[in-house]
2 protein chains.
Amino acid sequence: MISKNQIKFIQSLHSKKNRDQEELFIIEGVKLVNEFLLTSLFEIHSVYGTLDFINKNKHIIDKSKTIINEISEEELKKISLQSSPNQILAVIKANMPKLNTVLLNSAINLFLDDIRDPGNLGTIIRIADWFGIKQIICSPTSTELFNPKTLQASMGAVLRVNVVYMEFDELKKELKDVSIYGAVLNGQNIYLSALQNGLIVIGNEANGISENTLKQITHPITIPAATNNGSESLNAANACGMICSEFFRQLNFK
Amino acid sequence: MISKNQIKFIQSLHSKKNRDQEELFIIEGVKLVNEFLLTSLFEIHSVYGTLDFINKNKHIIDKSKTIINEISEEELKKISLQSSPNQILAVIKANMPKLNTVLLNSAINLFLDDIRDPGNLGTIIRIADWFGIKQIICSPTSTELFNPKTLQASMGAVLRVNVVYMEFDELKKELKDVSIYGAVLNGQNIYLSALQNGLIVIGNEANGISENTLKQITHPITIPAATNNGSESLNAANACGMICSEFFRQLNFK
């Protein structure tokens, strides 16, 4: 059962303003919700699922000791952001993770300088997770971690990667003798660079790395293009994927 | 000027069924339309632009010798698929490119085995263009090349990459002693494989490479994940980008 007020409240969380104010966010779909039910990283506010979900996921529900409010397909449609809602929706408490400085100074970390597209942010978190990158720092102007599109694109990787928001200048104070790589258009050929642990800066989709951050880059790197190509750029998440792949190769299989 | 009938006709091209029937497709936005105005690869059916576009792009319009129908912002909104239309929309004749067998047997080619998401197809075309891959063969079940989302995501790369549709079994008949690489979950570590020119097969977003095509793979390859990762997969376009990047590195910078 779900009351009219509850429906109204969940619908209000469809907007960023209300998510920020209530410090809550929404996740949807069997796979993603189940991952959140089994984690202790985020506290669960409330869960709304169809009878079908409840019948098929008894082991997970029992294990997580969460109460699932049974609702109809029609009610789910009312509170969902998706055109074809998938059985279950959960409201989660949004506790913002803190910077892990040990991780920052001992492994590969990403700094996203004003990534604006939620799909790109989610994809980058998923890529980081694949290559074992445990921390991403976003500039405060970057898109919202708890945007439903970010969470959907991250495919649950948000539970395994520490995503924090802070200004580059603040982050800089915590860096101890760490190489700062930046993805730029005229840097060193990434395939011919000797890559090591460090901070990798990925810039905005349209404008690249901001002027202020650019000054701090110690190692400008570039994915070279074929000489006969006509393309001017790669999508930011795609470029990030190729860069992470090359770091992973050099650090593990060279 | 644009008549009510013209508006109706262009709106009808918003659906795939009508695009197929009329053998026409739509492109939008200053950058993309300008690229099409300057190419001879596709024949232009009609172009509708605001006065602002016409004033600012005289050199391109003159060079392309195309008549631009001047329309108002309001009229553009009516025929556009975008929430914020960008000055110009063109209707293009959809001539389907043919397989280039010389290219097929002498360079890297991609085979997309049932890629369903138009954004992914467009992104893959853009990646291919970046790395100088000149031909992509799509299974007939793959998403439509002339879907507006595909064209938008390709960023004009569709003018430089030959995208053809055919069954793998048909394609196979044209292959002369070419390695067939397939992106799978348990293949050889791509970083440790000796990659050469060949056909790279990328599978469907959810199900990977189809059973029939899988039998023909001579070199199964995998992007390894970090051992401490929790992720199960990469997005198909992202994985394709990393694979193309590694082929490009090995063939040019090893």
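Analyst: H12(A) and H12(B) cross in a right-handed way. A crossing is right-handed if the near helix is turned clockwise from the far one by less than a right angle, and left-handed if anticlockwise. Helices here are DSSP runs of H or I with at least four residues, strands are runs of E with at least two, and both are numbered from the N terminus.

This is a predicted model, in which local features need pLDDT of at least 70, side-chain atom pairs count only at pLDDT 80 or more, and totals for chains, interfaces and linings use all residues. Residues are numbered from 1 along each chain as its sequence is written, while chains are lettered from A and ligands numbered from 1 in the order in which they are written.

Now the geometry. The axes of H12(A) and helix H12 (residues 236-252) of chain B lie 9 Å apart, and the angle is about 50°. Axes are lines fitted to C-alpha atoms, for helices over the stretch in contact, and angles run from 0 to 180 degrees between N-to-C directions. H12(A) is therefore oblique to H12(B). Under 35 degrees would be roughly parallel, over 145 roughly antiparallel, and 65 to 115 roughly perpendicular; the rest is oblique.

Which residues meet? On the H12(A) side they are Ala237(A), Asn238(A), Gly241(A), Met242(A), Ser245(A) and Glu246(A). Facing them in H12(B) are Ala237(B), Asn238(B), Gly241(B), Met242(B), Ser245(B) and Glu246(B). Two residues are in contact if their C-beta atoms, placed from the backbone, lie within 7 Å. This helix contact has 4 nonpolar, 6 polar and 2 charged residues. Ala, Val, Leu, Ile, Met, Phe, Trp, Tyr, Cys and Pro count as nonpolar, Asp, Glu, Lys and Arg as charged, and the others, Gly among them, as polar.

Step back to the whole interface. Here 29 residues of chain A touch 29 residues of chain B. On the chain A side, helix H8 (118-130) and helix H12 (236-252) each give two or more residues. H12(A) has the largest share, 7 residues. By class, the chain A side holds 13 nonpolar, 11 polar and 5 charged residues.

Last, the symmetry. Chain A is superposed on chain B by a rotation of 180° with 0.0 Å of shift along its axis, at an RMSD of 0.0 Å. The two copies are thus related as by a two-fold rotation axis. Superposition is by least squares on the C-alpha atoms of residues with pLDDT of at least 70 in both copies. In chain A, the C-alpha nearest the axis belongs to Met242(A), 2.4 Å away. Of the interface residues of chain A, 100% are also interface residues in chain B, so the copies meet through the same surface.
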